[in-house]
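Here is a report on aromatic rings and charged side chains. Start with the terms, then follow the pairs through the chain.

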Amino acid sequence: MHLTRLTPPLVFALLLIQPLPAVGQELRHAISLYGAPKYPQNFQHFDYVNPQAPKGGHLRQGILGHFDSLVPYIDRGTAATGSYLMYDTLLARSRDEPLSKYGLIAQRMELAPDNTWVAFYINPQARFHDDTPITAHDVKYSFDLLRAKGSTFYQQFYQDVDRVEVTSDDRALFLFKHGNNHELPLILGQMPILARHYWQTRDFAAPGTSIPITSGPYRPERIEPGRSITFARVEKYWARDLPVNRGRHNFDRIQFEYYRNNSVLFEALQKGEYDFKVVTDPRVWHSLLQDESLTRHQLLRSSWQNRNPQTLAMTYNARKPILADARVRQALGYAFDFHWLNQNLFHGMYLRANSVFAGTDMGASGRPSESELAQLAGFGKELPREALTQPWVPPGEGISQRERKRNALHLLQQSGWLIRQNQLVDPQGKPLELEVLLSSVDHERIFIPMQKTLQSMGIKLKIRTVDTAQYVERLRSHDFDIVLHTFTHTPSPGTEQASLWGSDTADLHGSKNLAGVKLRSVDTLTQKIPRANSREELLTLTRAMDRVLLWNHYVLPLWYRPEWLIIHKQQLHHPVNPAPYFLDLSTWWYQQD
């Protein structure tokens, strides 16, 4: 119930019974999930920036696909890459800590001792680009708008918030339903603040390229819908001298040029048509990039350590009746030969992923620990017995092609499929046919060997490649059997895990739970993750959840790389000690050598 809608006598009576939290708690400059923040109250800049970095220059990047929106917070349309540059948030994240955030729009924070509320105090200098002051009313409006019309993700993300109260023009008070979600103040801190005076007369949920009023370090300067967008640095950006921004946002202009396929994209790179590219295909890195061409256009190669989990996984849509049985999903995994692909297509550059948190200590490995077993107790019906005593191994790992096929057919026959005339059919005679949905022609070569293996087992696998817009919408509508998906996580997984794996959003349009996971064990674990009281407890929970997902074969982790492979113009410079958890281009700068 909102007190502003009640008559004055009733307001007074309710305040006597249920008073709102009062000012008086310690005001903080930062929030950290575990322990104290790294940077003290009077810090001048992050350690991973160059505070003397010069301003100027032009950064051009090549992007695959298209765009039709400037709002990256809705489930309709495709937002332009770089749209986030337009929007400021309440707090700014440091990239050399697992999870700490410092004041941006919110100058100070006030936390309840029992974690049942948080108050954000707005920086009096905070302004939108039209010079309108940002107030607590904009904060409340942003929260209500995102929860009502934003992406499905926000409905789950903010589910533990009861309401927001504006206690003064510079103080927004968030009241929680309970005090168990330790991450909630940090989640709210990353909320983008939207201009109430702009969006009140417009449809937030409708995509489009009209430039909204925002408050971030950049504004669109030139837009060619679907083809190109250039952001210009805001000279009078209100937050340019805050400690969280010193040494950042150095380019005068950041331009994104869109290309329809990877071949044209990399041809344009070698012609010097853009300045920076993260290369994700080892074939391109080894065979297609010509050093002579790179040198001629003053392009350099480099590799940076990536400490974040970046697992590429084959993801099965368990909502489809044909994939509802975990034994069918497991059987399909036997047809995928990682080691052959890695040696013959990828120059042996990938590492096998055995977890959705591959490359970190957050995933399941070896046999479950005693603490993991304690978390899994009571969920025996959702796990095979061997999951509690054995390590998970990808189907087919370390066995011959003949054994792969035999094991797969055994599982398929157990789940009710029959072999008739060298074809797998159900009891009604319907053949086993599946489709893998892709957004890039380059990914087809990954599935052609698997397609042939499945064909020898009596299974037909169709490979369908569609344009980016159709691909995104089909994912949002759950209109697929199998997709390739990269699961990216922060160094400190939290509330977002329920969006990725929880039952509540599995059937909602735009859900990030692509696999359609609906398990009581996973729901329990994803609810516990943001309530963890220590890093050790968090790791136990993520490992237990990972184990449940793997043994139920909702995804088949394929591979990852522990480095970013980068091509960039030699005029682009970066700090000596870059951020360990993020490839942060906001800290780079242009300097003519």
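A salt bridge is a side-chain nitrogen of Lys or Arg within 4 Å of a carboxyl oxygen of Asp or Glu. Arg222, Glu224, Arg227 and Glu257 are joined by such bridges into a network.

This is a predicted model: local features need pLDDT of at least 70, side-chain atom pairs count only at pLDDT 80 or more, and totals for chains, interfaces and linings use all residues. Residues are numbered from 1 along each chain as its sequence is written, and side-chain values use heavy atoms, with hydrogens and water left out.

## Salt bridges

The structure holds 30 salt bridges.

| Pair | N to O distance | Sequence separation |
|---|---|---|
| Arginine 233 and aspartate 252 | 2.5 Å | 19 residues |
| Arginine 445 and aspartate 281 | 2.7 Å | 164 residues |
| Glutamate 435 and arginine 474 | 3.1 Å | 39 residues |

Where do these residues lie? Helices (H or I, at least four residues) and strands (E, at least two) are DSSP runs, numbered from the N terminus. How open is each site? Buried means under 20% relative accessible area, exposed over 50%, and partly exposed in between (1.4 Å probe, protein chains only).

Take arginine 233 and aspartate 252. Their salt bridge has its closest N and O atoms 2.5 Å apart. The pair links distant parts of the chain: arginine 233 is in strand β11 (residues 228-233), and aspartate 252 is in the loop between β11 and β12 (253-259). Arginine 233 has 17% relative accessibility, so it counts as buried. Aspartate 252 has 25%, so it counts as partly exposed. The two side chains also make a polar contact at 2.5 Å. A polar contact is a pair of N or O atoms within 3.5 Å; within protein, one must be able to donate a hydrogen and the other to accept it, and residues adjacent in sequence count only if both atoms are side-chain atoms.

What else does arginine 233 contact? Contact means heavy atoms within 4.5 Å. Leaving aside neighbours within four places in sequence, arginine 233 is in contact with Lys55, Gly56, Pro217, Tyr218, His249, Asn250, Phe251 and Asp252.

Next comes the bridge between arginine 445 and aspartate 281, at 2.7 Å. Arginine 445 lies in helix α13 (residues 444-456) and aspartate 281 in the loop between β13 (276-279) and α7 (282-288), so the bridge ties together parts 164 residues apart in sequence. Both residues are buried.

Glutamate 435 meets arginine 474 at 3.1 Å, N to O. Glutamate 435 belongs to strand β19 (residues 433-438), arginine 474 to helix α14 (residues 468-476). Glutamate 435 is buried at 12% relative accessibility. Arginine 474 is buried too, at 14%.

Aspartate 88 sits in the loop between β3 and β4. Aspartate 88 is buried yet has no salt bridge. Which side chain of opposite charge is nearest? Arginine 248 is, at 7.6 Å. Lys and Arg count as positive and Asp and Glu as negative; His and the chain ends are not counted. The side chain of aspartate 88 does make a polar contact with that of tyrosine 237, at 2.9 Å.

## Aromatic rings

Rings of Phe, Tyr and Trp (its six-membered ring) pair if their centres lie within 6.5 Å; planes under 30 degrees apart count as stacked, over 60 as edge-to-face and the rest as tilted. The structure holds 30 aromatic pairs. Tyrosine 73 and tyrosine 154 are edge-to-face, 6.4 Å centre to centre with 65° between the planes. This pair links distant parts of the chain, 81 residues apart: tyrosine 73 is in the loop between β3 (58-64) and β4 (91-93), tyrosine 154 in helix α3 (residues 152-157). Tyrosine 73 is buried at 11% relative accessibility, and tyrosine 154 is buried at 10%.Phenylalanine 157 and tyrosine 158 have ring centres 6.1 Å apart and planes at 35°, so the pair is tilted. Phenylalanine 157 is buried at 5%, and tyrosine 158 is buried at 1%. One aromatic cluster is formed by Tyr73, Tyr87, Phe120, Phe143, Phe153, Tyr154, Phe157, Tyr158 and Phe174.

Charges also meet rings. A charge sits over a ring if NZ of Lys or CZ of Arg is within 6 Å of the ring centre and within 35 degrees of the ring normal. Lysine 512 lies over the face of phenylalanine 153, 5.5 Å from the ring centre. The charged end of arginine 202 sits over the ring of tyrosine 198, at 3.8 Å from its centre.
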